[in-house]
Structure formats: C-alpha cells, structure tokens
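Here's a quick briefing to read alongside the model. Have the sequence and the 3D view open as you go.

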Amino acid sequence: MPNYEFECTQCGEKFVEKQTFEEHDRHKPIKCPKCGSKATRQRITAAFAKTTKKS
C-alpha cells in the first residue's frame, strides 16, 4: 500500500497517509492529524519502487 505525503494549508503540518490506489483515486479530503482541518493538499515527492528482479 503506497504512502502519500500531505500538507495542511491551515497549520503547515506535514504528514504521511497510507492509502490504497482506489482510496487515493476517490480524492476524499484528508484530515490533518494536528489541527483537524480538511484543508490539506498532497505534496509532490519522489517515488521508490522495489522489485525482486536483480539488474
């Protein structure tokens, strides 16, 4: 399950939320764990993929 980074536009708190691809595609507002605001936005971050194949 992927981790997505979010930032609260009210208090500036940065936090990580685990969501399935289906949950993420629904665009349900994410609640800030610090202030409880739903005024959050997803942060653009680097992706990491781990595979079983050796290169």
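Let's start with S37: leaving out residues up to four places away in sequence, S37 touches C8, Q10, I30, K31 and C32, where contact means heavy atoms within 4.5 Å. This is a predicted model, so local features need pLDDT of at least 70 and side-chain atom pairs count only at pLDDT 80 or more, while totals for chains, interfaces and linings use all residues. Residues are numbered from 1 along each chain as its sequence is written, and side-chain values use heavy atoms, with hydrogens and water left out.

**S37 and its loop**

- S37 sits in the loop between α1 (21-25) and β3; helices (H or I, at least four residues) and strands (E, at least two) are DSSP runs, numbered from the N terminus.
- With 16% relative accessibility, S37 counts as buried; the cut-offs are under 20% relative accessible area for buried, over 50% for exposed and partly exposed in between, using a 1.4 Å probe and protein chains only.
- H27 is in the loop between α1 and β3 too, but H27 counts as exposed, at 65% relative accessibility.
- The backbone of H27 is worth a look: its phi is near 60 degrees, a positive value in a residue other than glycine.
- For context, most residues other than glycine have a negative phi.

**The sheet**

- There are 3 strands in an open sheet, ordered β2-β1-β3, with antiparallel pairing; two strands pair if DSSP finds at least two bridges between them.
- β2 (14-18) and β3 (40-42) are the edge strands, each with a single partner strand, so one side of each has no neighbour in the sheet.
- On average, neighbouring strands here are turned by 35 degrees against each other, direction ignored; the axes are lines fitted to C-alpha atoms, for helices over the stretch in contact, and angles run from 0 to 180 degrees between N-to-C directions.
- β1 and β2 pair in the antiparallel sense over 5 bridges, and E17 in β2 is the bridge partner of Y4.
- The two strands β1 and β2 make a hairpin with 5 residues between them, and G12 in the turn has a positive phi of about 85 degrees.
- Within β3, R41 is the bridge partner of E7, and Q42 is the bridge partner of F6.

**Core and aromatics**

- The largest nonpolar core has 6 residues in all: Y4, F6, C8, F15, I30 and C32. Such a core is a set of buried Ala, Val, Leu, Ile, Met, Phe, Trp, Tyr and Cys residues joined through side-chain atoms within 4.5 Å.
- β1 gives the most to this core, with 3 residues.
- I30 touches F6, F15, E17, Q19, S37, K38 and T40, not counting residues up to four places away in sequence.
- Searching the whole structure turns up 1 aromatic pair.
- F6 and F15 form that stacked pair, at 5.9 Å centre to centre with 20 degrees between the planes; rings of Phe, Tyr and Trp (its six-membered ring) pair if their centres lie within 6.5 Å, and planes under 30 degrees apart count as stacked, over 60 as edge-to-face and the rest as tilted.
- F6 is buried, with a relative accessible area of 6%, and F15 is buried as well, at 9%.

**Cysteines**

- The whole structure has 0 disulfides, a disulfide being a pair of cysteine sulfur atoms within 2.5 Å.
- For C8, the closest cysteine sulfur is in C35 at 3.7 Å, too far for a bond.
- C8 is buried, with a relative accessible area of 2%.
- C11 is in no disulfide either, and the nearest cysteine sulfur to its own, that of C32, is 3.7 Å away.
- C11 is partly exposed, with a relative accessible area of 32%.

**The start of the chain**

- M1 belongs to the segment before β1 and counts as exposed at 66% relative accessibility.
- Setting aside its neighbours within four places in sequence, M1 is in contact with K18, Q19 and T20.
- The C-alpha atoms of M1 and F21 are separated by 7.7 Å, although these residues are 20 residues apart along the chain.
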